[in-house]
Amino acid sequence: MKRVNRAAFTAAALLSCTLTFSGCSLISQALPQGQDGTAGEQAGSDGQEQGTGADDSGQSPETDEVAADPSSSAADGASGTEGGAAGTAASGTDDGATASEDGTTGSDTGASSGSQTEVSIGESFTDLEMEDSIEVLSAVRNFDSSKKSSAIELGGEVVLLEVKITPGQKYGGLVSTGDFKISYDGGSDYRFNQTTGVEEEMKAAGYTPLENVSRRDGGTHQGWIAFVPSEKDDTYKIRYERGAGEVMGTGEKVPAFTKIFDIPNS
């Protein structure tokens with residue numbers, strides 16, 4: 001009898017121990033991630049991957065490589081000028097009138113702020129760094145223009161500037177018409193030319209518009225640049241400014257060049 005009870009006790013003890021170890025194993029498997037640190041590590045890993053993506057998308061786009069040609073700023077100025085001029089060019093309307101810069105329309109007949117007059121300037125200078133020679137020969141005051149009639153009626157005028165350019169051969173790039181700007185407030189602000197807006201009228205009147213000059217082409221180039229100051233003045237200031245640059249391959253710095261001169265009334 002005692003042997004039976006002892007056997008039964010031993011069997012019960014073994015069963016209890018087996019259940020206990022089995023239960024511990026089940027509890028261990030059921031532990032949620034994080035209590036043993038694994039979930040936290042995974043979350044950190046995910047966060048790093050997301051952070052990397054955010055950094056990549058958050059980076060600013062790479063800037064374009066700066067052109068080493070000293071005339072690159074001049075070339076940029078030229079394109080900006082053309083764009084600005086095109087933006088202010090008058091556009092035709094249904095009734096044949098033309099739209100002005102301020103949104104009003106003018107008639108197709110030519111308009112002038114006074115008697116059209118050609119005045120002599122006779123200014124010449126040389127950009128020694130680039131070896132460009134520039135002559136400013138004359139100007140036309142009160143140029144007749146239907147395209148800019150509204151600007152003229154509001155107190156402005158169209159001014160043409162005759163320029164002759166002999167580019168240097170030391171570097172490439174352009175001598176840009178966009179480097180010529182006008183001031184009608186004594187030099188506080190300088191504004192781009194608006195040749196594109198009156199180009200056809202200039203050609204019809206015998207004033208050939210000046211184009212950007214390639215230094216590689218050499219030679220001598222002559223033509224006219226148009227300005228439309230919104231406030232008529234006796235004397236205007238013109239600034240020619242060729243921006244600073246860097247020589248491709250050598251890294252040599254080329255300083256900017258500036259020349260200021262006047263357009264008289266007569």
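Mentor: Buried means under 20% relative accessible area, exposed means over 50%, and partly exposed lies in between, with a 1.4 Å probe and protein chains only. This is a predicted model, in which local features need pLDDT of at least 70, side-chain atom pairs count only at pLDDT 80 or more, and totals for chains, interfaces and linings use all residues. Residues are numbered from 1 along each chain as its sequence is written, and side-chain values use heavy atoms, with hydrogens and water left out.

Let us begin with Phe125, which counts as buried because its relative accessibility is 9%. Its partner is described in terms of rings. Rings of Phe, Tyr and Trp (its six-membered ring) pair if their centres lie within 6.5 Å; planes under 30 degrees apart count as stacked, over 60 as edge-to-face, and the rest as tilted. The structure holds seven aromatic pairs. In one of these, the ring centres of Phe125 and Tyr240 are 5.8 Å apart and the planes stand at 40°, so the pair is tilted. Phe125 belongs to strand S3 (residues 117-127) and Tyr240 to strand S10, so the pair ties together parts that are 115 residues apart in sequence. Strands here (E, at least two residues) and helices (H or I, at least four) are DSSP runs, numbered from the N terminus. Tyr240 also counts as buried, because its relative accessibility is 0%.

We turn next to charged side chains. Side chains of opposite charge can pair when their charged atoms come close. A salt bridge is a side-chain nitrogen of Lys or Arg within 4 Å of a carboxyl oxygen of Asp or Glu, and the structure holds nine of them. Arg242 forms one with Asp127, where the closest N and O atoms are 2.8 Å apart. Arg242 lies in strand S10 and Asp127 in strand S3, 115 residues apart. Both Arg242 and Asp127 are buried.

Another salt bridge joins Lys259 to Glu123, with 3.5 Å between the closest N and O atoms. Here Glu123 lies in strand S3 and Lys259 in strand S13 (residues 257-263), 136 residues apart. Glu123 counts as partly exposed because its relative accessibility is 24%, and Lys259 is likewise partly exposed, with a relative accessible area of 26%.
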